[in-house]
Amino acid sequence: MPEGPITHFSYSQLNTYLSCPLKYRLQYVELIPPAFTSVALAFGSALHEAVGAYYQSRLEGEALKPDQMHDVYRATWQDAENIKYFNGDNEKTLLQKAKQLIDVFHENVSPDTLVLGVEEFFEFNIEGVPPFQGYIDLIEQSPDGMITVADLKTAAKKLGDNNVHSNLQLTAYSLGAEALGFDPDSLTMRLDVLTKTKSPEMVRYETTRTHLERDRFVKLVKQVWSAIERHAFFPRDDWHCAQCAWADHCREW
Ligand code: SF4
């Protein structure tokens with residue numbers, strides 16, 4: 001069993017293990033704090049918070065204006081500690097980019113959907129694994145009654161079809177929505193991606209998840225948890241390493 005107090009499993013844990021098992025050990029088992037907050041994480045989190053606040057305001061009544069979303073972005077950014085910049089970015093250029101992306105979001109968001117849930121907590125059980133927990137970014141209903149479960153992301157460029165159809169977070173959402181009482185076979189799953197390209201865009205990618213895909217996800221989680229229990233931790237050196245906040249500890253492996 002892991003030494004750390006792992007009381008639940010999550011998509012973030014799964015994704016971390018799949019991208020680098022040693023990073024999983026350092027972060028979740030040894031509980032070593034990150035050496036820094038990567039600028040990509042700080043930027044994505046602040047933008048995510050601004051978009052989440054917009055949907056929350058729709059849920060509560062009056063939708064936030066772009067200026068109010070900019071304020072949410074700034075407040076969240078200021079809470080991030082020890083940000084490490086890469087690729088010539090700085091706070092000022094990123095604030096400009098964030099404002100552009102928020103404005104693009106505001107111009108493209110559908111005003112006529114009914115927001116049913118924002119950051120909806122879910123939990124489901126997989127045999128032999130701690131409870132799988134997460135939060136669905138957005139659940140909304142279109143005027144024709146179709147219910148959509150969406151994940152909100154920022155990305156450096158547009159996604160390929162395979163990134164959408166094999167996206168594991170959406171599969172976790174499908175199981176999470178089922179745990180919340182929705183029929184997962186009748187849901188539309190969607191990735192709303194704000195691209196940090198020169199001319200920013202908001203691209204919506206729609207997909208579905210079948211019970212076979214959910215079963216495959218469950219098998220994957222079981223296998224990964226079994227590997228964690230057996231302490232199968234090893235480095236996966238690749239392009240992620242350049243921005244890894246546990247790289248100093250990794251060198252001691
Ligand atoms: S530096 Fe690379 S190999 Fe080492 S823990 Fe980080 S991601 Fe894994």
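**Stop 1: Met 202**

Select Met 202. It counts as partly exposed because it has 17 C-beta neighbours inside 10 Å. The cut-offs are these: buried means 20 or more other C-beta atoms within 10 Å of the residue's own, exposed means 12 or fewer, and partly exposed is in between, with C-beta atoms placed from the backbone. This is a predicted model, where local features need pLDDT of at least 70 and side-chain atom pairs count only at pLDDT 80 or more, while totals for chains, interfaces and linings use all residues. Residues are numbered from 1 along each chain as its sequence is written.

Met 202 sits in strand β7 (residues 201–207). Helices (H or I, at least four residues) and strands (E, at least two) are DSSP runs, numbered from the N terminus. Now show what Met 202 touches: Val 104, Phe 105, Asn 108, Asp 192 and Leu 194, leaving out residues up to four places away in sequence. Contact means C-beta atoms, placed from the backbone, within 7 Å. Met 202 and Arg 58 are 144 residues apart in sequence and 19 Å apart in space, C-alpha to C-alpha.

**Stop 2: the two domains**

Colour domain 1 (22–109) and domain 2 (112–226) separately. These bounds come from an automatic or database domain assignment. Taken over C-alpha atoms, the centres of domain 1 and domain 2 are separated by 20 Å. Across the boundary, 16 residues of domain 1 are in contact with 12 residues of domain 2. On the domain 1 side, α3 (39–60) and α5 (91–108) are the elements that give two or more residues. The largest share, 10 residues, comes from α3. By class, that side of domain 1 has eight nonpolar, six polar and two charged residues. Here Ala, Val, Leu, Ile, Met, Phe, Trp, Tyr, Cys and Pro count as nonpolar, Asp, Glu, Lys and Arg as charged, and the others, Gly among them, as polar.

**Stop 3: helix α4**

Select α4 (66–79). α4 has 14 residues and reaches 20 Å from its first C-alpha to its last, close to the 20 Å expected at 1.5 Å a residue. The expected span is 1.5 Å times one less than the number of residues. Which residues of α4 are buried? They are Met 69, Val 72, Tyr 73, Thr 76 and Trp 77. They cover an arc of only 130° around the axis, so they lie on the same side of α4. The arc is that of the directions from the helix axis to the C-beta atoms. The buried residues of α4 pack against α3 and α5. Turn to the other side of α4 and find Asp 67 and Gln 78, both exposed.

**Stop 4: helix α8**

Move to α8 (residues 211–229). Its 19 residues should span 27 Å at 1.5 Å a residue, and its end C-alpha atoms are 27 Å apart, which agrees. Phe 217, Val 221, Trp 225 and Ile 228 are buried in α8. Their arc around the axis is only 65°, which puts them on the same side of α8. An α-helix has 3.6 residues a turn, so residues three or four places apart point the same way. Show α1 (11–19), β4 (132–141) and α7 (168–179), which are included in what covers the buried residues of α8. The face turned away from the buried side carries the exposed residues Leu 212, Asp 215, Lys 219, Gln 223 and Ser 226. Just after α8, His 231 takes a positive phi of about 60°.

**Stop 5: two loop residues**

Most residues other than glycine have a negative phi. Select Leu 31, in the loop between α2 and β1 (37–38). Its phi is near 55°, a positive value. Then select Asn 82, in the loop between α4 and β2 (83–84). The phi of Asn 82 is near 55°, also positive. Leu 31 counts as exposed because it has 11 C-beta neighbours inside 10 Å. Asn 82 counts as exposed with 11 C-beta neighbours inside 10 Å.

**Stop 6: the ligand**

Finish at the ligand. Around it are Cys 20, Leu 22, Lys 23, Pro 235, Arg 236, Asp 237, His 240, Cys 241, Cys 244, Trp 246, Ala 247 and Cys 250. The elements giving two or more residues to this shell are α2 (21–29) and α9 (247–250). A residue belongs here if its C-beta atom, placed from the backbone, lies within 6 Å of the molecule. The shell divides into eight nonpolar, one polar and three charged residues.

Note on methods
Contact = placed C-beta atoms within 7 Å.
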